[in-house]
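I opened the model to look up a few local features. My notes follow.

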Amino acid sequence: MDTQIANLIASELERQRNGFELIASENFTSKQVLDAMGSCLTNKYAEGYPGKRYYGGCEVVDVIEQLAIDRVCALFGAEYANVQPHSGAQANAAVFLGLLNPGDAILGFELAHGGHLSHGSPVNFSGKVYDAHFYGVEEDSGIIDMDKVAEIAQKVRPKLIICGASAYSRDWDYIRFRQIADEVGAILLGDISHPAGLIAADLLNDPLPHCHIVTSTTHKTLRGPRGGIILMGKDFINPWGRTTKKGDPIMMSTILNSAVFPGMQGGPLEHVIAAKAVAFYEAAQDEYKKYASQVIKNAKSMATALVQKGYNIISGGTDNHLMLIDLRSKYPDVSGKEAENALVKAHITVNKNMVPFDSRTPLTTSGIRVGTAALTSRGLVEDDFEMIVDWIDYVIQNRNDETSIQVMQERVQQFMKNFPLY
């Protein structure tokens, strides 16, 4: 028995059980999802798609993968889904590969303002292979000015416009984004990796009727396994006039499927796809909709408490599960890195994060990002998040006092015993 890894897994489970998990990208899956991921399905190689595999023995995984496709289409009201991407970044990469040529112009949300690496960051493939341009938020409001997005799009004439973020706390105006995309002849990609579960629960604007293509992760608010998906509200003929050898038009679904496999990936992870299917099933239940609603209630409660404490939340509040906190408003001498390190010692897990127009580097930052999805899965409600804000502020105030931090760590650990995990 590999006791070394077994012990490390046990240690990680204890870490998850004992702390406040506030990283906005994380959540706690159900036991059913864990069981599917740890199943014998990991033994099966299944290059291709259901009914069109390059390997024999796929009769069971074909049913599983088709079930995942059917469930996610029903959940989001989509006509097309690909459930094979290994991550959200892989889903985005496949869309880029299928739609663009190297050097084509793309327009995405600025990373330093809350965007994502795979939306054109110069350190990512998306910024290295394509001609990346960006829109951002206004310094005074922390909100995207759609008129300025339109101006940039008219100037750049991108082939692809991306709406979506990893640290933007407001809902998205997909209707206006589609108008802008149509005006410049661009394909509109909606990356809903963070709010996907809240959209599935009909609590935020729906991108499917407006975005040509939608990508997402399956963890975060969807509370599934780590992985990605690609969706379309309605399949359509590719706009470049590509045809088959017989002269028939090629549908976008064919282009996207080919971009995922064999374009970006080899064999799909059928154990993860099974876990995705479980998560899609769970997200369709009434209990999940109550959960998603509580996620937003908790986020708004936390945001209000932070503002009352003197913290500046970028955009002034939140519509979803997360918020980006500019520490300079209350603690100008404290970096995001310092705050993160102190909070982690107290078993309060957050991540340092750049804020718009940041005066510090990406490795130190002036902000931290927090989210409510994971602790809501543990059963915490609005009053609990108000208390958490008090405790966060206490730790940052006493960041250099090891005794105070140790006392807070014990309080956090004792409190979380009331909310069992697995």
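**Backbone notes**

I placed Asp202 in the loop between α8 (196–200) and β9; helices (H or I, at least four residues) and strands (E, at least two) are DSSP runs, numbered from the N terminus. This is a predicted model, where local features need pLDDT of at least 70, side-chain atom pairs count only at pLDDT 80 or more, and totals for chains, interfaces and linings use all residues. Residues are numbered from 1 along each chain as its sequence is written, and side-chain values use heavy atoms, with hydrogens and water left out.

I looked up phi of Asp202: near 65°, positive in a residue other than glycine. Asp202 counts as exposed because its relative accessible area is 66% (buried is under 20%, exposed over 50%, partly exposed in between; 1.4 Å probe, protein chains only). Arg223 has a positive phi too, near 60°. I found Arg223 in the loop between β9 and β10 (228–232).

Next, I checked omega. Phe261 and Pro262 are joined by a cis peptide bond, with omega about 10°. Pro262 sits in helix α9 (residues 252–264). Most residues other than glycine have a negative phi, and most peptide bonds are trans.

**Sheet notes**

I traced an open sheet of 7 strands with mixed pairing, in the order β4-β10-β9-β8-β7-β5-β6. Its edge strands, β4 (80–82) and β6 (131–135), each pair on one side only; pairing takes at least two DSSP bridges between two strands. Strands β8 (residues 187–191) and β9 (residues 213–217) run parallel, joined by 3 bridges. Gly190 stands opposite Val214 in β9.
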